[in-house]
Amino acid sequence: MKNLIRLWCSIPLLFIASHVHALSVLTTNNICPVQAVAVETIDSLPAAYPKDWTIVVTCSDGDWLFLQRRADAMQTDHAFTNLKRKITVIRGDVFLNPPQFRPARLILLHELGHIACQCGNEDRAEDWAQKLYRQALQSLHASVKLRN
Ligand SMILES: [Zn+2]
């Protein structure tokens with residue numbers, strides 16, 4: 001989703017889950033069921049988020065709805081990005097129950113696509129993400145073949 005976020009002056013208390021390549025990964029709760037899988041997924045993306053970026057992982061759908069409303073990002077069910085504030089918010093549930101044909105990795109790459117183009121254009125962000133996603137899958141398949 002594109003950068004539709006009104007300036008959010010305050011977000012609820014956030015907890016530092018990890019610093020992946022200096023990127024900050026925050027969670028909305030101290031005890032977060034998706035923290036480990038979220039950090040692992042972000043860490044293994046085929047392209048890295050900028051070092052000065054913050055990714056907020058919501059730990060419950062209540063937290064997700066809260067941030068979504070606050071950011072006025074009701075068009076998305078999965079994630080949104082504020083390019084100016086360098087924040088991406090992702091719904092933690094997608095790590096456990098990914099939407100059909102839309103794994104969390106691809107959702108994260110789509111948001112990164114907005115960052116790469118510095119634009120709110122959905123097609124450009126998605127094309128960028130799909131390309132990287134497919135390349136990563138292909139190289140994974142190639143390395144599995146080599147091992148066999
Ligand atoms: Zn988008």
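In which loop does Gln118 lie? Gln118 sits in the loop between α4 and α5 (122-147). The views below show this predicted model, in which local features need pLDDT of at least 70 and side-chain atom pairs count only at pLDDT 80 or more, while totals for chains, interfaces and linings use all residues. Residues are numbered from 1 along each chain as its sequence is written.

View 1. Strand β3 covers residues 54-58. Strands here are DSSP runs of E, at least two residues long, and helices are runs of H or I, at least four residues long, both numbered from the N terminus. Two strands pair if DSSP finds at least two bridges between them. β2 (residues 23-27) and β3 are parallel, with four bridges. Thr27 is opposite Val57 of β3. From β2 the chain passes through helix α1 (residues 35-43) to β3, a left-handed β-α-β crossover. Right-handed would mean that, with the strands pointing away from the viewer, the path from the first strand over the helix to the second runs clockwise. β3 and β5 (residues 87-91) also run parallel, joined by five bridges. Val57 has Ile90 as its bridge partner in β5. Four of the five residues of β3 are buried. Buried means 20 or more other C-beta atoms within 10 Å of a residue's own, exposed means 12 or fewer, and partly exposed lies in between; C-beta atoms are placed from the backbone.

**View 2. Strand β5 is covered on both faces.** In a regular strand the side chains alternate between the two faces of the sheet. In β5, Ile87, Val89 and Arg91 are buried on one side. Thr88 and Ile90 are buried on the other.

**View 3. β4 and β5 form a hairpin.** Strand β4 (residues 79-82) runs antiparallel to β5 over four bridges. Thr81 is opposite Thr88. Four residues separate the two strands. In the turn, Lys86 has a positive phi of about 60 degrees.

View 4. Helix α2 spans residues 61-71. Its buried residues are Asp63, Trp64, Leu67, Gln68 and Ala71. Down the helix axis they fall within an arc of 130 degrees, so they line one face of α2. The arc is that of the directions from the helix axis to the C-beta atoms. These buried residues pack against β3, β4 and β5; contact requires C-beta atoms, placed from the backbone, within 7 Å. The face turned away from the buried side carries exposed Asp61, Gly62 and Arg69.

**View 5. Helix α4 is largely enclosed.** Eleven of the 14 residues of α4 are buried, so the rest of the structure largely encloses this helix. Among the buried residues are Leu106, Ile107, Leu108 and Leu109, along with Arg105, His110 and Glu111. At 1.5 Å a residue, α4 (residues 104-117) should span 20 Å, and its end C-alpha atoms are 20 Å apart, which agrees. The expected span is 1.5 Å times one less than the number of residues.

View 6. Most residues other than glycine have a negative phi. Asp72 follows α2, with phi near 55 degrees. This residue is found in the loop between α2 and β4. Asp72 is exposed, with 12 other C-beta atoms within 10 Å. Gln118 is exposed, with 9 other C-beta atoms within 10 Å.

Notes: Contact = placed C-beta atoms within 7 Å.
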